[in-house]
Amino acid sequence: MIGLAAGIEMADMAWEVKCREEDMKQRALENERHAIDDARRSVDEKAQQLKVLANQSALIAGFSMVVLVESQIPENMNSVVLTFFGLIVAITIALMLVSTLNSTYILVAILRYDCVERSVPFDVFWRRRCEADWKVALRAFSVGVPSFMIVVALVAWVSFWNHQSLYYSASVVTAISLMLTIYWFANTHRKWGDFLLMSEARILTRGMSFAAASKSGSSEGDHSSVDLRDSLQLSSLAIGELSESEMKLKK
């Protein structure tokens, strides 16, 4: 009887060890799937950003090229205005081409990233190889937008040069372009420029917001919210909390 009891106990222990090993294998497999999904999600997120920037930059560069080619230059055009017009158009096209080409090359590079093997984590790959060029592309676009508005203002002077109402018509277009440029620097660029250049900046919309978490009154929730803000250094634009897979990666 003693031997039978010992045998049963040994069998139970072996069964527990086997179940534990299978559970560990299943957890490892699930963690690997989460890591692959997170890598693919990160690649897709950056790819969408690069596509938008490249398309908008190419669009503005195309408009600027059309303005340069299709503009009817009067023979009695002031040489200073004409030179300044050509200079600003060339600068706008150059800035937008830099933004488009940088975004295109980065897009091709990240689409070749192996989300399964992940010999280098995607965040590390992005910071080391892509982030500097991304910032150059974004800054070129940010400068190119007001430069394009100057082109619009100068086109009015070139187009209405021989018209009797030159000063009235061109001044209206120039004033509108100037107001839009001021709005760009005072609101849009000031609000989003630095935020988009932050490598860890993101708008979090999944899960419970920080405000809702603070209302719960639990000290554990308050502590986790403070730690999350400190670790990610998010601006006031970022709300919400990380998903479960992202929390695992942060740990």
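## Ground rules

Residues are numbered from 1 along each chain as its sequence is written, and side-chain values use heavy atoms, with hydrogens and water left out. Since this is a predicted model, local features need pLDDT of at least 70 and side-chain atom pairs count only at pLDDT 80 or more, while totals for chains, interfaces and linings use all residues.

## Overall make-up

The protein has seven helices and zero strands (DSSP runs: H or I of at least four residues for helices, E of at least two for strands, numbered from the N terminus). Of its 251 residues, 31% count as buried (under 20% relative accessible area, 1.4 Å probe, protein chains only).

Among contacts (heavy atoms within 4.5 Å) between residues at least 6 apart in sequence, 78% join residues at least 24 apart.

## Helices α3 and α4

Helix α3 (residues 122-159) packs against helix α4 (residues 166-197) at an angle of about 165°, with the axes 6 Å apart (lines fitted to C-alpha atoms over the stretch in contact, angles running from 0 to 180 degrees between N-to-C directions). That makes α3 roughly antiparallel to α4 (over 145 degrees).

By class, their contact has 19 nonpolar, six polar and three charged residues (nonpolar: Ala, Val, Leu, Ile, Met, Phe, Trp, Tyr, Cys and Pro; charged: Asp, Glu, Lys and Arg; polar: the others, Gly among them).

## Serine 57

Now to a single residue. Serine 57 sits in helix α1 (residues 2-70) and counts as buried because its relative accessibility is 0%. Leaving aside neighbours within four places in sequence, serine 57 is in contact with Met96, Ser99, Thr100 and Phe141.

Note on methods:
Angles under 35 degrees count as roughly parallel, over 145 as roughly antiparallel, 65 to 115 as roughly perpendicular and the rest as oblique. Buried means under 20% relative accessible area, exposed over 50%, partly exposed in between (1.4 Å probe, protein chains only).
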